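Here are a few friendly notes to read alongside the model.

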Amino acid sequence: MKRSILFILIGLIIGISASSQGPGLRSGSLQIDWSRKGDGWHINKISTDGHSLSHPAGYYTILYSSGQPVEELVKRNQFGEAFTFYPDTAIPSGDSGVDFSQRLPVADIAASWKTDPLSSTDIRVEIRLRVKSDGYFSIASPTIAVIDRQDLAWGMVPGNWYGREIQKDLQLAGKYSQGLPAIPLMATERSTMTLCPLLTTREGVTLAVIPDPNTAEDPWAYDRSSRNITRLGMSTMDRHYALTPVAFSPVLGHAGSYAKAGETLVFRFRYTIRASGWFPVFRHAVEDVYHFSDMLKVQQPVVSLTERMRLIQSFLQDDSNAHWNTWESGGLPIGANGTKNADIGAMWMLANNCQDSTMRRHIPFVRNYKLAQQQMGPGFFQYAATGEYGGKNGFNSEVGNWVEPLFTTYYTLVDLGNMLLFQPGDKELRTRMRLAAEKMLSWQHADGSWDVGYDRFSHRLTFPGLLDLRPTWYGLLAAYRVLGDPRYLRSAQKGADWLITRGVDKGYYLGVCGDAQNIWDFATAQSAQAFLDLYEITKKGTYKQAAIEAAKVYATSIYTYPAAGTAIKLVNGARRQDWEISQAGLGVEHPQGSAPEAGPILITSFTGLFVRIYELTHESLFLDMARAAARGRHAFMDSVSGQTVYYWQDMVRVRERVMEFPHQGYWSIGWITDYLLSEIRLRSKDSIEFPHGFMTPKVGPHVAYGFAAGTLYGEKARLWMPPGLFHCGNPSLECVTALSENAKKLYVMVLNQSPGRQTGAVAIDLDKIIPGHAEKKIHLELAGWGLDVITIDL
C-alpha cells in the first residue's frame, strides 16, 4: 500500500496522471490509464479532446519460431508461436513515462512508454526483448485499443490497402487495395510509401502506429539496392484478428529476426492518437516524424527543368535516337517513336510553341496513327480504340488480348481532344471524336459505369470481378468541351457520380496498367484531375471535394522515407550524396506491382495537380511533395538526352534504359510544363494563367498547354519557347517565356526553385524572335520560392 502511494506521488510530481487503479500518461488532452487485473496491467482508458476509444486493451504479442519461417504464412501472420500477454509490472519512470516488464519462456520483455514533448498527440514506446532461446523473433506493437468493425470510418497501410470496411475477398484487398483484409495480412516497407498503419473511428478518433525513422531498411544503404531486405511489417489487424494498427520489427525470417540466447532486440515506435480524420495524422507522420520537407533544404538542382526540356527536345529531333518509325496501317501512313505515341499534347506544343520542325514533320503521321487506332469497320468494337501499341497488323493491348472502354477515352477522345484544341478546324478529327463519344455512350451502363474490358474475340468480360473504378467518363467530358453536345456532359457527370459513390467514398480505385492486371496506380491521381476539370465546368462542390479526396489518397503513394540527407553513397562507383538518389518525394507506377523491386518512378506527372490541390486546400504537404519530386533528380538523368530513367532502380544504367524508351521524353516535357505553369499561377496569385487541355493518357494527371493565349497580369500572351531562346547559369532558376498577342513584347517568367535567395543572369537571344537583334542579359535576385516577370519590348 505504501509503495503504491509512493508511485502516485512520484507520478504527480513528474506529470504522470495516476488514477486510484494504477499509472497513466497525460499529454495535452491525451490521457492513457492502466489498471491491474488478474493477468497483468490493462489499459482501461484512452481519451483525447473529449473522445474515448471504446475498447482499450494494452496486450503485447511476441512471435517466436525455433525453425525457419515459411514466408507465405508470415505474410498472413499465421506462422510462429504467439506469446500474448499483459505486462506483469508497471513502474512510473522519472521522465514522464511508465516502464513495464514481463518474463516469457523464450525472452524477457521490458517496455518504456513516454510522452513526447514535441507532440501532445504522441506516446513514444521502446520495447526491449532479451532472448532466452535461440530462434526467430518478431516484436509486435502492443494492441492498445480494438476498433469495432461497425465503428470503422477509415483504415489503411499506405500503398497496400485502403477503405471503410473489411474486405473478405483477399484478392480485392491484398492485390487491388480495395478494403481492409479480413485476416491479419502483413505489408512490408518494400510496398509501403509512408510507414504509418492507421484506423479512424466513426467518432472521429484516429489511431496510428509510426515506427521510428531508420527502423525500415534504407533502399540504397551504400553501393547497391537493398530493396530486397525487409525489416518492418505493418497490418490493420493483430495476430488475434482484432482491428487495430500494428507494426512488426523485425519480421520473422527476415533481417535481424534470428537471435541467440543473451542477445537483445529493440523496437522503437510511437502511437499517435488524435481527434481528427486520417489525413492530419498521415501528414504528422510524414512531416513531423520522418521530416519529409527537410529534403527541400538539401536538394541542389544541377540541371534545371527547362534545360532538361531543351535537351529532350533536341534528342527527339534525331529520328534515329528517338526510334521514329513510319509504316502503313489500314491504308494510312502512320508514325510513332517505336510503336507508341506518348503525350500528344506535348508533341503539338513542341510543334506550335517551340518552332520544332521535326514535330511538324511527324504530326501528320501521328494524326494518321490516331485515326488508325480507332476501328472503323463493323463489329463489336466499331468506333472504339482497340489498343495502345501500333504494329503492322493493327493495334494491341499492353498485355492480354482484351479491349477496354478506357482505351477509347485515352487514345481517341482525350488524344483527339488535345489535337482539336490546337487545330479546331479539322473536320475529320471532329467526326471521329463524335463517333467515339457515341460508342462510349452505348457502352455506359444505366448506373453510369462501364465494364473494365472485353475479350477481343469472344467479347466476354475480361475482369468480371472488378468494377471500373477509374475516370473512364473523362473522355465524354473532353467530347463535351470540344463538340459542345450536352448529352456528353450529362453522361460524364453520371459516370463521375457513380465513381464517387462506388470508389471515392469507399477509398477504392483501379489502375490502368494492363501488364499489372490494372492494380492500383497513377489512375487515382487522374481521377483527381478529372474531377477538377468537371468542377471547372459545372462548379459543383461535390466534384471539387472528390478531387481533393482522391488527391489525398494518392499522396499516400508518394515515398516519404527515409529522410534525405547528405551522406555519401556509391552508384556504379560514382560518389552521390544521399538526397541525389533518394526515393523520397517520388511516386510509383503501382505500389504492389513494380514498386517493391524497381522502386518509384521518375515521371512525376502528379506535380502540377498537387500544386492545384494546394491552391484549393492550403495543405502544405501537397506543395512540398510536388517540389520534392520535381527538383534535384539529375542522378537519374542522361546528360545527353535530358531524359530520366523510368524506374528508380535503373540509376545504374541510365543511358541504356533511356535509349530503349525515347517516347517517354514527351511525357517528361508534358509534366514539366504543367508543373512550372502551375507554380507560376500559384506564385502570381492567379494573375498569370494559361488555359490547359486534357490529361495525357496513362502515366498521370498532367495536362496539355499551348493551344490558346493566356493572361499575364491582364495582358493576353501565348507560350513561346523556341529552343535556345534563353540561357541561365543558375539551375535553381527556371524560365518560361511567352509572347504578347501582337508579338511586340516578350515575357520572361523566372521561378526560384529553392527555399533560399538565389541570384543569376538570364541571357535572352532575341535573334530567335527578330533576326538581327542582339542578346540581352538580365541580372536577377529572387527570394526563396520567388517569381519575377521581365517584359522585353521587341
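**Cavities and helix packing**

1. The largest cavity holds about 100 Å³ of space. A cavity here is a set of points on a 1 Å grid over the protein atoms alone where a 1.4 Å probe fits but cannot get out, and its volume is the space filled by probe spheres set on those points. This is a predicted model, in which local features need pLDDT of at least 70, side-chain atom pairs count only at pLDDT 80 or more, and totals for chains, interfaces and linings use all residues. Residues are numbered from 1 along each chain as its sequence is written, and side-chain values use heavy atoms, without hydrogens and water.

2. The lining of the largest cavity has 14 residues, with Val303, Leu305, Ala630, Arg631 and Gly632 nearest its centre; a lining residue has an atom within 4 Å of a point. By class, 6 are nonpolar, 4 polar and 4 charged.

3. Helix H8 (residues 357-373) packs against helix H9 (residues 405-422) at about 150°, their axes 10 Å apart. That angle makes H8 roughly antiparallel to H9 (over 145 degrees). In contact (heavy atoms within 4.5 Å), Arg367, Lys370 and Gln373 of H8 meet Tyr411, Asp415, Leu416 and Met419 of H9.

4. Helix H4 (residues 278-289) and helix H17 (residues 620-630) cross at roughly 45°, and their axes come within 11 Å. Phe279, Phe282, Arg283, Val286 and Glu287 in H4 meet Leu621, Phe622, Asp624 and Met625 in H17. This contact has 6 nonpolar, no polar and 3 charged residues.

Definitions and conventions: 1 Å grid on protein atoms, 1.4 Å probe; cavity = no way out; pocket = protein on both sides within 12 Å on 5 of 7 lines; lining within 4 Å. Nonpolar A, V, L, I, M, F, W, Y, C, P; charged D, E, K, R; others polar. Axes fitted to C-alpha atoms, helices over the stretch in contact; angles between N-to-C directions. Helix = DSSP H or I, 4+ residues; strand = E, 2+ residues; numbered from the N terminus. Parallel < 35°, antiparallel > 145°, perpendicular 65-115°, else oblique.
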